[in-house]
Amino acid sequence: MVAVGFSICISSQPALASKSQTGRLVVQGRPHLQQDVLQLWIDGSKVANIGPGQRYDESIPAEHHVLAVNYTPRTRHQPTSMRLAVRPGETYAFTAIGESDQG
């Protein structure tokens, strides 16, 4: 069984959006998980299905959020969630990884 996790890189690069009250969220799917689709949820709402090697790259309001990911089919992976405090102008880049990547 493979557990889904996050690796994180926080950058002080300006967000793509020009609004001063947003940050930027980038979530990258791993290319070697070729049969699975990563579901990305923000604050309980599904915002994206990310295929192998694809990514989600959007502005996000500067506030506290709960991010969750789950690979489908769900029977093969456990969902993972984390809290994220987004600050204006910050970029938050994540790569979803499997348990075998953490070795």
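The following conversation concerns a predicted model of one protein chain.

Reader: How many helices and strands are in the chain?
Author: The chain has nine strands and zero helices. Read from the N terminus, its elements run β-β-β-β-β-β-β-β-β.

Reader: And what share of the residues is buried?
Author: Of the 103 residues in the chain, 39% are buried.

Reader: What about the surface; how much of it belongs to carbon and sulfur atoms?
Author: Carbon and sulfur atoms hold 49% of an accessible surface that comes to about 6000 Å².

Reader: Turning to Gln39, where does it lie?
Author: Gln39 is located in strand β3, which spans residues 37-42.

Reader: Is Gln39 buried or exposed, and why?
Author: Gln39 counts as buried because its relative accessibility is 8%, and buried means under 20%.

Reader: How far apart are Gln39 and Asn49 in space?
Author: Their C-alpha atoms are 4.6 Å apart, with a sequence separation of 10 residues.

Reader: Now Ser45. Which strand is that in?
Author: Ser45 belongs to strand β4, made up of residues 45-50.

Reader: Why is Ser45 classed as partly exposed?
Author: The relative accessible area of Ser45 is 41%, so the residue falls between the limits of 20% for buried and 50% for exposed.

Reader: What separates Ser45 and Leu67 in sequence and in space?
Author: Ser45 and Leu67 are 22 residues apart in sequence, and the C-alpha to C-alpha distance is 9.5 Å.

Reader: Finally, over the chain, what percentage of contacts with a separation of 6 or more joins residues 24 or more positions apart?
Author: Such pairs account for 68% of those contacts.

Technical notes. Residues are numbered from 1 along each chain as its sequence is written. This is a predicted model: local features need pLDDT of at least 70, side-chain atom pairs count only at pLDDT 80 or more; totals for chains, interfaces and linings use all residues. Side-chain values use heavy atoms; hydrogens and water are left out. Helices (H or I, at least four residues) and strands (E, at least two) are DSSP runs, numbered from the N terminus. Buried means under 20% relative accessible area, exposed over 50%, partly exposed in between (1.4 Å probe, protein chains only). Contact means heavy atoms within 4.5 Å. Accessible areas come from the Shrake-Rupley method with a 1.4 Å probe; for residues, only the protein chains shown count as cover.
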